[in-house]
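Reader: I've got a protein model open and I'm a bit lost. Could you show me how to read it, one feature at a time?

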Amino acid sequence: LQDTPLLPEISDVEDPAHNLQYAKVLKAAKSFPARGAQDQWGWKSREHLVPALRDEDVCALFTDVVLARIARGDLPDHLRDSMAGGSLFALGKGEKPGVRPIVVGDLFRRLYGKVSLQPHKRAMASFFQTHFPHVQQFAVGVKGGTEKLLHCIQLELDSEDVTPNLDNPRAVASLDATNAYNTMSRQLMMDILAGTASQDYAGGLIAKGQHPACPPGLREHARHFQAYYGTQGLLTFISMAGTSHQLSSAQGVQQGDVWSSALFCAALHVLLGAVLEDPQWKGRVTARCFADNIQLCGPVSWVVRITPHIRSALRSANLELNADESLIHIPAWTTRTDKGVSSWLCLLSNVDPTFVLQHAPDGIKIVGNPLGTDAFCQITFAKRTTKIIDDLPKLNVLRDGLAHFILLKACANTRFGFFMHCSPPRL
């Protein structure tokens, strides 16, 4: 738990309910997946909302009574904590240890999120790509963002001279923040919405009273965000035994919230921008991100030296880097007999020892895709293929054709095609 953030007065914004037209609301309601989870009240969009909203008069009444109030942050006091929470699910992280907490929130809130976010996607994508010259975010409004992220990193690594400086070649570091979505400071988000920092962040690079940049579209919905993230939401978790458990949380964003990525990325963006655009680092290292996946590119010595400063900046917003999962790969050193291990140890003797990246001589994974030596990439592909082949026979025990088809798609998922699409053609 974390203290509820201070909520600054925001009065100079337009009424966000003006965008709730009939066609947009109905289209958003239809866009929910047919097999999506129900919310904490038992509502599902396809089954319960869409049939009613096809009547324009009913839709207008629903918009007036429910969606417009959600847009303005006008939640009933006795339901505020429940509406700001939802059903909590614990999902596995695949090959990684631990669980990923996912909140399926109130259906009406998610419907409003779909309607209200859509008009701002293009402007937000432009902001996250251009506002800071050396920081780019690909998770908001960028179509095919993961592929573009990977290709940008590969192009930067390939841009090095044919005869690179082998003592200080280009490197790529992948920084892993522990449980980032669920720990990010809500106070920083509220300060971005208000346009004024209520305290120092990033070691004073964002000083109290300064004006952190706010992506276009966020401030228009500030009252909505204050209503849902300015209180302690009530989360309900059903265990395997069928028992119900309630948790109260007031930190981070909820991954089931349509606006969560935009809010999270807005906060992360100003922190990274404060460090990488600081005169001592400007132009030496670039950061390219997909949500909380942070990749640093630049000469290896500069990447290693800037990482403790990024760690400090993230800590000011309650984010903690995982040292064991934060890796660095130096392509130019892979051809050496020791794959650059001796050079890496020599480099570490001259840098801040408070946070040390893990040297990955063969390669690293970026948003699940391998980047490294041909052998490293081929081994990764082989493991994925083997897993798919091993999983397929298990489906034979299913007698339900629909369940069989759904799980078949899950086993042979799009990730393998994504691997192949983002890898060099020679592989």
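Predicted model: local features only at pLDDT ≥ 70, side-chain atom pairs only at ≥ 80, totals over all residues.

Reader: What holds paired strands together in general?

Author: Strands of a sheet pair through backbone hydrogen bonds, and the pairing is either parallel or antiparallel. Here, E3 and E7 are part of an open sheet with six strands, in the order E3-E7-E8-E4-E9-E10, and its pairing is mixed.

Reader: Which strands stand at the edges of that sheet?

Author: Those are E3 (135–137) and E10 (358–359). Each has a single partner strand, so one side of each has no neighbour in the sheet.

Reader: Where could I look at another hairpin?

Author: Go to E11 (residues 363–366) and E12 (residues 369–372), an antiparallel pair with four bridges. Gly 363 has Gly 372 as its bridge partner in E12. This hairpin has two residues between its strands, and Val 367 in the turn takes a positive phi of about 45 degrees.

Reader: Now for helices. How are two packed helices described?

Author: You give the angle between their axes and the distance between the axes. Take H1 (residues 22–30) and H2 (residues 45–53): their axes come within 9 Å and cross at roughly 155 degrees. Angles over 145 degrees count as roughly antiparallel, so H1 is roughly antiparallel to H2. The crossing of H1 and H2 is left-handed.

Reader: Which residues make the contact between H1 and H2?

Author: From H1 you have Tyr 22, Val 25, Leu 26, Ala 29 and Lys 30, and from H2 there are Ser 45, Arg 46, Val 50 and Leu 53. Sorted by type, the contact residues of H1 with H2 are six nonpolar, one polar and two charged.

Reader: What about H6 and H10, are they parallel or antiparallel?

Author: The axes of H6 (residues 121–130) and H10 (residues 260–276) come within 11 Å and cross at roughly 25 degrees. Angles under 35 degrees count as roughly parallel, which means that H6 is roughly parallel to H10. Their crossing is left-handed. Met 124, Phe 127 and Phe 128 of H6 meet Ala 262, Cys 265, Ala 266 and His 269 of H10. That contact has six nonpolar residues, one polar and no charged.

Reader: Which strands does H10 lie across?

Author: H10 lies across E3, E7 and E8 (293–299), and H10 runs at about 165 degrees to E3.

Reader: Finally, how do I step back and see the whole protein?

Author: Start with the count: 15 helices and 12 strands. The C-alpha atoms fill a box of roughly 70 × 60 × 40 Å along the principal axes. A compact globule with 427 residues would have a radius of gyration near 22 Å, and the 23 Å of this protein agrees with that.

Conventions:
Residues numbered from 1 in each chain as written. Heavy atoms only, no water. Axes fitted to C-alpha atoms, helices over the stretch in contact; angles between N-to-C directions. Parallel < 35°, antiparallel > 145°, perpendicular 65-115°, else oblique. Left-handed = near helix turned anticlockwise from the far one by under 90°. Contact = heavy atoms within 4.5 Å. Nonpolar A, V, L, I, M, F, W, Y, C, P; charged D, E, K, R; others polar. Pairing = 2+ DSSP bridges. Rg over C-alpha atoms; globule rule 2.2 N^0.38 Å.
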